[in-house]
Amino acid sequence: MERITSAQNPKIKMLLELQAKSKARKQSGLFVVEGVREIEHCVCCGYEIHTLFVCPEICGTSAVEDLAQSPQIIEVSQQIYDKLAYRGGTEGMIAEVRAKAHSLEQLKLKENPVVMVLESVEKPGNLGAVLRSADAAGADAVIICDPLTDLYNPNLIRASIGAIFTVPVAACSSEEAIRFLKDRNFKILTAQLQDSHLYYDTDMTGPTAIVMGTESTGLSDLWRKAASAHIRIPMLGRLDSLNVSVSAAILLFEAIRQRQ
């Protein structure tokens with residue numbers, strides 16, 4: 001097993017570049033996953049590890065043995081690992097993983113699905129938190145339209161706690177998503193303040209797509225016009241909006257509640 005103790009090693013430089021640059025991730029087809037739990041979710045959901053970096057002083061040997069199918073396992077010193085790790089508590093393990101395509105055609109939806117659609121949400125942390133809520137609610141898919149951040153941004157992966165791997169995800173244009181949903185007879189519910197009804201007064205028992213936009217500008221007119229109904233969450237305080245991930249959780253769990 002190779003051991004690296006220098007931050008100038010080309011493999012360490014490549015890993016740092018993958019963490020920092022979307023362009024490097026797209027060109028190489030690789031992305032970075034940090035932490036034993038997240039890597040295990042990744043492997044269980046069919047992702048292929050390219051290189052596994054481990055710090056024996058932190059993780060020991062048992063965790064490495066569980067992921068021994070990795071083509072390449074590299075030991076790093078604790079000094080190097082501390083340079084690589086974004087956060088504490090990651091159990092001394094970081095992986096370079098091969099990316100997957102995320103097309104609409106690859107989505108396999110069960111009968112009577114619930115889908116979350118996000119338009120142009122740019123903050124990786126918000127996207128990750130929505131994916132975490134989608135996993136908790138058992139959503140059938142998350143469709144990200146006109147994405148302003150790549151799906152393998154390290155902040156998104158961390159915020160999702162691995163839900164980017166457990167929830168089926170597609171990235172596409174809004175036009176493609178609307179066509180996909182209408183061809184499959186989805187009820188398209190857009191979350192908006194204007195001309196809307198309270199979400200719990202809206203039927204979500206059939207195939208349902210809940211569509212949300214950015215907190216600053218909301219949804220585009222394209223989605224407003226494509227909607228079957230407009231819904232809103234009642235706001236009883238002085239502010240007129242919730243964080244997109246909180247709103248997504250409320251609306252997804254209402255769809256689940258109506259189906260019980």
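Reader: Hi! Is Asp 140 buried or exposed in this one?
Author: Asp 140 counts as buried, because its relative accessibility is 12%, under the 20% cut-off. Keep in mind that this is a predicted model.

Reader: Which residue does Asp 140 form a salt bridge with?
Author: Its partner is Lys 110, and the closest N and O atoms are 3.9 Å apart. Asp 140 sits in the loop between α7 (124–137) and β7 (141–145), while Lys 110 is in the loop between β5 (93–98) and β6 (114–119), so the pair ties together parts 30 residues apart in sequence.

Reader: And Lys 110, buried or exposed?
Author: Lys 110 is exposed, with a relative accessible area of 52%.

Reader: How many salt bridges does the structure hold?
Author: It holds nine. One of them joins Glu 57 and Arg 3, at 3.1 Å from N to O. Glu 57 belongs to helix α4 (residues 56–59) and Arg 3 to strand β1 (residues 2–4), which puts them 54 residues apart.

Reader: Nice. Which residues are linked with Arg 3 in a network?
Author: Glu 57 and Glu 75 are linked with Arg 3 in a network of salt bridges. Arg 3 is partly exposed at 39%, and Glu 57 is partly exposed at 46%.

Reader: Switching topic: where is confidence lowest?
Author: In helix α5 (residues 62–66), with a mean pLDDT of 55. Where pLDDT is low, the predicted coordinates should not be read in detail.

Reader: What is the mean pLDDT of the protein chain?
Author: The mean is 89, and 93% of the residues reach 70 or more. Confidence is highest in strand β11 (residues 208–212), at 97.

Definitions and conventions
Residues are numbered from 1 along each chain as its sequence is written. This is a predicted model: local features need pLDDT of at least 70, side-chain atom pairs count only at pLDDT 80 or more; totals for chains, interfaces and linings use all residues. Side-chain values use heavy atoms; hydrogens and water are left out. pLDDT is the predictor's confidence in each residue, from 0 to 100. Helices (H or I, at least four residues) and strands (E, at least two) are DSSP runs, numbered from the N terminus. A salt bridge is a side-chain nitrogen of Lys or Arg within 4 Å of a carboxyl oxygen of Asp or Glu. Buried means under 20% relative accessible area, exposed over 50%, partly exposed in between (1.4 Å probe, protein chains only).
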